[in-house]
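Here is a friendly tour of the model shown below. Keep the structure open as you read, and follow along from one heading to the next.

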Amino acid sequence: SGEHLARGLRANASLTELDLKRCALGGGDCGRLLGDGLAKSASLTSLDVEENHLGDENLAQIFTHLKANRVLTKLSCGDNSGGAQAGEALAGLLSSNTALAELIAGQNKFGDATGELIANSLVQNTSLTELNLDDCDFKTATGSALTKALSPSTEAAFNTGLKNLNLDENEFASKQVTDLKAAFRSRAAHLLRSIKEGREAA
């Protein structure tokens with residue numbers, strides 16, 4: 001049960017990877033229980049809970065509890081019927097967590113308004129190197145926010161380590177797709193110039 005799993009995560013000091021993909025975890029209080037175990041886990045670095053029909057509230061609980069986690073570096077939670085509540089919790093996680101390097105959260109219907117929050121949270125994130133948000137029901141508002149966040153001219157320092165960003169199957173305007181690609185390329189070129197200048201200055 002979820003309670004036993006949470007208790008095991010809290011007590012286990014050696015488990016580093018856990019694959020629970022397609023394990024029918026959805027329903028009940030599993031999100032809070034699993035999230036509580038993750039918040040207190042001191043060893044788990046990789047967790048896969050994809051395709052479990054967790055639902056909006058349960059997925060939100062997991063994201064919320066992960067704010068306190070400082071060891072998990074990879075989370076796969078795609079295709080879990082997440083919605084706006086989970087999306088808001090994800091934005092909060094991304095703006096505060098400093099451990100996650102790889103996040104796969106696609107095929108959750110976070111929505112366009114919540115997508116803006118997620119885009120803005122990326123400006124504050126310093127740890128992600130790979131982010132998958134394909135088919136999350138993002139539209140033009142999210143596209144605009146992402147383009148702004150990715151711009152090298154953004155005053156706040158956008159995560160310099162982000163190398164892979166998957167936004168497939170979202171409904172951006174064609175110009176926004178072009179602008180997003182250009183912004184990402186410009187960001188990469190800007191970083192390369194900064195690195196080169198730093199080396200020369202040293």
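## Two loop residues with positive phi

Ser81 sits in the loop that links β3 (74-76) to α4; helices (H or I, at least four residues) and strands (E, at least two) are DSSP runs, numbered from the N terminus. Its phi is near 60 degrees, a positive value in a residue other than glycine. Most residues other than glycine have a negative phi. Ser81 is partly exposed, with a relative accessible area of 47%; buried means under 20% relative accessible area, exposed over 50%, and partly exposed in between, with a 1.4 Å probe and protein chains only.

Glu169 is found in the loop between β6 and α7. Phi of Glu169 is near 65 degrees, again a positive value in a residue other than glycine. With a relative accessible area of 63%, Glu169 is exposed.

## About the model

This is a predicted model, in which local features need pLDDT of at least 70 and side-chain atom pairs count only at pLDDT 80 or more, while totals for chains, interfaces and linings use all residues. Residues are numbered from 1 along each chain as its sequence is written, and side-chain values use heavy atoms, with hydrogens and water left out.

## Overall layout

The protein has seven helices and six strands. Reading from the N terminus, the elements run α-β-α-β-α-β-α-β-α-β-α-β-α. Buried residues account for 47% of the 202 residues. Among contacts (heavy atoms within 4.5 Å) with a separation of 6 or more, 89% are between residues 24 or more positions apart.

## The sheet

The six strands form an open sheet in the order β1-β2-β3-β4-β5-β6, with parallel pairing; two strands pair if DSSP finds at least two bridges between them. β1 (17-19) and β6 (164-166) stand at the edges with a single partner strand each, so one side of each has no neighbour in the sheet. From one strand to the next, the twist averages 5 degrees.

Strand β5 (residues 130-132) runs parallel to β6 and is joined to it by three bridges. Asn132 has Asn166 of β6 as its bridge partner.

## Helix pairs

Helix α3 (residues 56-65) packs with helix α4 (residues 84-96) at an angle of about 10 degrees, their axes 7 Å apart. Axes are lines fitted to C-alpha atoms, for helices over the stretch in contact, and angles run from 0 to 180 degrees between N-to-C directions. The two helices are therefore roughly parallel, a label for angles under 35 degrees. Residues making the contact include Leu59 and Phe63 of α3, and Leu90 and Leu93 of α4. By class, the contact has eight nonpolar, two polar and two charged residues; Ala, Val, Leu, Ile, Met, Phe, Trp, Tyr, Cys and Pro count as nonpolar, Asp, Glu, Lys and Arg as charged, and the others, Gly among them, as polar.

α5 and α6 also pack at an angle of about 10 degrees, with axes 7 Å apart. That makes α5 roughly parallel to α6. Among the residues in this contact are Gly115 and Ala119 of α5, with Ala145 and Leu146 of α6. The contact of α5 with α6 divides into six nonpolar, four polar and two charged residues.

## The nonpolar core

Which residues touch the most other members of the largest nonpolar core? They are Leu47, Phe63, Leu75, Leu90, Leu103, Phe110 and Leu133, out of 44 residues. Such a core is a set of buried Ala, Val, Leu, Ile, Met, Phe, Trp, Tyr and Cys residues joined through side-chain atoms within 4.5 Å. α2 (30-40), α3, α4, α5 (112-122), α6 (140-150) and α7 (174-201) each supply at least two residues of this core, and α4 gives the most, with six.

Notes:
Parallel < 35°, antiparallel > 145°, perpendicular 65-115°, else oblique.
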